[in-house]
Amino acid sequence: MALRFDGARLAILDQRLLPDEERWLDANDPARMAEHIRCLAVRGAPLIGVAAALALGLYAQTAVTDDQWRAAAAHLRAARPTAVNLMNAVDRVLAAFVRGGRTEVTREAFALFHEDVLLCEQMAERGAALIDDGDGVLTHCNAGGLATVGVGTALGVIVRAWQQGKRIHVFADETRPLLQGARLTVWELARAGVPHTLITDSMASIVMREGRVKKVFVGADRVARNGDFANKVGTYGLAVTARFHDVRFYPVAPFTTVDVAAKSGRDIPIEERSADEVRGVAGSFGAVRWSPRAVGVFNPAFDVTPASLVTALVLDRAVLSRDDLAGGALDRLCEG
Ligand code: MRU
């Protein structure tokens, strides 16, 4: 949905312009790809990992020296700090380089692409089984086909349940400050024909209290070994609200989003972005500022939800309940 690759040329859909305009950007050059990732033209944890790997796979065929290629890999790896898929994917192509040189890099990049499609399918099947006919479900940010190269993580689950014939209704959080829910999730839901309603983030508690939402499905940018996970800012508050209203809360992530080096959420670095994203809004209609130009701002792009607030973590290879997580099930999967 958001990435085009014909074996020689790589292009990404500029997600900053959606839903009004569908413009494709050239992304063959790894420095350009790093910039596309930094400015969120291409975004979503699994997608930026695969996009970086493909750019490095192509550059492996054209870089003049191995050092140039390694420098490009380091540059891409640092483009965004929280989504561990980026580091995991770049580390995999670096390992491929050590194993078999540049040809192996290209092969590994293609493998990552195909693997993400498969992982999304597995999450969609496992997660859709948790949704019942008639459910109201809520999602935050965008964790769909625009955030992966497959059907998505959390949104893939929701769309799959609809395709299975379950009559569901989706509430999409708009997701301040960059409005991924209002711009992207709603766009995807409309394309898939899934009934939906857009709400502001602060309205989630009302739809839960009124019983219009039974389950929350969200994506993840980094999952620690104990099941704590980082996702788009606002996810933690949603989990707290869901617990209060007895609403089930499910993060959905492929194993490529698990950070085997992070014991708990305390080990997850959180990206802080520009103050201007909070002072106003920037979109295809231009930038609008409504706060005083110099007001102090706190703008973490992600927050960490503790595993204790999770009903179950939906992975491609397993669904782990809160008790499973507390008993170290994910930790053991990381060892395996
Ligand atoms: O800043 P973004 O838009 O890249 O943040 C994306 C999210 O937080 C998603 O929920 C997450 O990457 C999971 S996507 C399958």
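The lining of the largest cavity gets its biggest share from α2, which supplies three residues; helices (H or I, at least four residues) and strands (E, at least two) are DSSP runs, numbered from the N terminus. The model is a predicted one, where local features need pLDDT of at least 70, side-chain atom pairs count only at pLDDT 80 or more, and totals for chains, interfaces and linings use all residues. Residues are numbered from 1 along each chain as its sequence is written, and side-chain values use heavy atoms, with hydrogens and water left out.

A cavity here is a set of points on a 1 Å grid over the protein atoms alone where a 1.4 Å probe fits but cannot get out, and lining residues have an atom within 4 Å of a point. Points are joined across faces, edges and corners, and volume is the space filled by probe spheres set on them. Two cavities of 30 Å³ or more turn up by this rule.

The largest cavity comes to about 200 Å³. Its lining takes in 22 residues, and Arg43, Gly44, Ala45, Asn142 and Asp221 sit closest to its centre. The elements giving two or more residues to this lining are α2 (45-59) and β9 (229-232). Because domain 1 (3-123) and domain 2 (124-335) both contribute lining residues, the largest cavity lies between them; the domain bounds come from an automatic or database domain assignment.

As for the second largest cavity, its volume is about 40 Å³. Pro177, Leu178, Lys232, Arg273, Glu277, Asn299 and Ala301 line it.

Notes. 1 Å grid on protein atoms, 1.4 Å probe; cavity = no way out; pocket = protein on both sides within 12 Å on 5 of 7 lines; lining within 4 Å.
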